[in-house]
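Good morning, colleagues. May I ask you to turn to the structure on the screen, and to keep the sequence at hand while I speak.

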Amino acid sequence: MRIDGSYLFPAPAEQVFTALLWPETLARAIPDTERLIQLGPPDDEGTTFKAWVRSVDGLAVLTWRLTPVRRPASLRLAIWGHLPGGHLDGSGVIDLVPREDAHTRGAYALELEAPEGALETAAAQDLAHALCEQLAGLVYDSTAEAGVRATSPAPTSSKAATPSPVPAHARLHDIATPRGRIVALPAERANGRGGVRVWAERAMWMGAGLALGLVAISLVLAVAHRLNGHDT
């Protein structure tokens, strides 16, 4: 059977080309993949992968080799393996055509051989389309992330930074943690003129005032007692 089609990828051709040869990306792009490995490093024959893919009929074990013909414009594909209904063999080509808007038109054409009933043409077309959709989402996410990193302002040194209009003792610390971001008071708020030390100073003065008040009351009572004694 022949499987062919095309898909518009929201990324440059070089990025789509690299994604097709990257095992981590392929493992996430191929639907229902239980395991995917790269069989050795790339060589003159290309890069070879092996995957275990779960379907409603059972487990398929597939091996394929991608050989660059013209980077990043074209790759040659050879695929073989075992489906739940029998052996699979196939070959084809993948072409990547860059566009002026930094997108890439990907086109594929595959010839597959399998026992009758082991692989339906519609199911193979749906699988190819789902793979393209997943791959497009992955390359789009990586492109957007790279764009955010490229446009983010570079951190400035403390010497070159503009002095903050907020007093140092009133600034907050923004701390990144594995569970998210938290905002904390700076150390001087807890150990400097504010926080614990302020309350300690207040307690000291309150205690001193109370002691003076008690001394004054005692003196008044003593004088009054003495005067009462002279009157009698």
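Predicted model: local features only at pLDDT ≥ 70, side-chain atom pairs only at ≥ 80, totals over all residues.

Helices (H or I, at least four residues) and strands (E, at least two) are DSSP runs, numbered from the N terminus.

Residues are numbered from 1 along each chain as its sequence is written, and side-chain values use heavy atoms, with hydrogens and water left out.

Which residues of helix 1 are buried? They are Ala13, Val16, Phe17, Ala19 and Leu20, where buried means under 20% relative accessible area, exposed over 50%, and partly exposed in between (1.4 Å probe, protein chains only). Viewed down the axis of helix 1, these buried residues fall within an arc of 160°, and therefore line one face of the helix. The arc is that of the directions from the helix axis to the C-beta atoms. As a general point, an α-helix has 3.6 residues a turn, so residues three or four places apart point the same way.

Two strands are taken to pair if DSSP finds at least two bridges between them.

I shall take some of the pairings in turn. Strand 1 and strand 7 (residues 104–113) run antiparallel and are joined by eight bridges; Ser6 stands opposite Ala107 in strand 7. Strand 4 and strand 5 pair in the antiparallel sense over nine bridges, and they form a hairpin with three residues between them. Here Arg70 stands opposite Ser74 in strand 5. Ser74 in turn stands opposite Asp95 in strand 6. Strand 5 and strand 6, also antiparallel, are joined by 10 bridges, and the hairpin between them passes through two residues.

Two buried positions in the sheet deserve attention. Thr63 lies in strand 4 and counts as buried, at 10% relative accessibility. Leaving aside residues up to four places away in sequence, Thr63 touches Leu39, Thr48, Phe49, Lys50, Ala78, Ile79 and Trp80; contact here means heavy atoms within 4.5 Å. Leu110, found in strand 7, is buried at 16% relative accessibility. With residues up to four places away again not counted, Leu110 touches Met1, Arg2, Ile3, Leu77, Ser91, Gly92 and Val93. The C-alpha atoms of Leu110 and Ile79 are separated by 9.6 Å, the two residues being 31 apart along the chain.

Next, the charged pairs. How many salt bridges does the structure hold? There are five, a salt bridge being a side-chain nitrogen of Lys or Arg within 4 Å of a carboxyl oxygen of Asp or Glu. Arg2 forms one with Asp4, their closest N and O atoms being 3.1 Å apart. Arg2 is partly exposed at 47% relative accessibility, and Asp4 is partly exposed at 35%. Arg2, Asp4 and Glu111 are linked in a network of salt bridges.

Arg54 and Glu34 meet through their side chains in a salt bridge, at 2.9 Å from N to O. This pair links distant parts of the chain, with Arg54 in strand 3 and Glu34 in strand 2, 20 residues apart. Arg54 is partly exposed, at 38%. A further salt bridge joins the side chains of Arg99 and Asp101 at 2.8 Å, N to O; Arg99 is partly exposed at 39%, and Asp101 is partly exposed at 39%.

Finally, the protein as a whole. It contains five helices and nine strands. Of its 232 residues, 26% are buried. Among contacts with a separation of 6 or more, 43% are between residues 24 or more positions apart.
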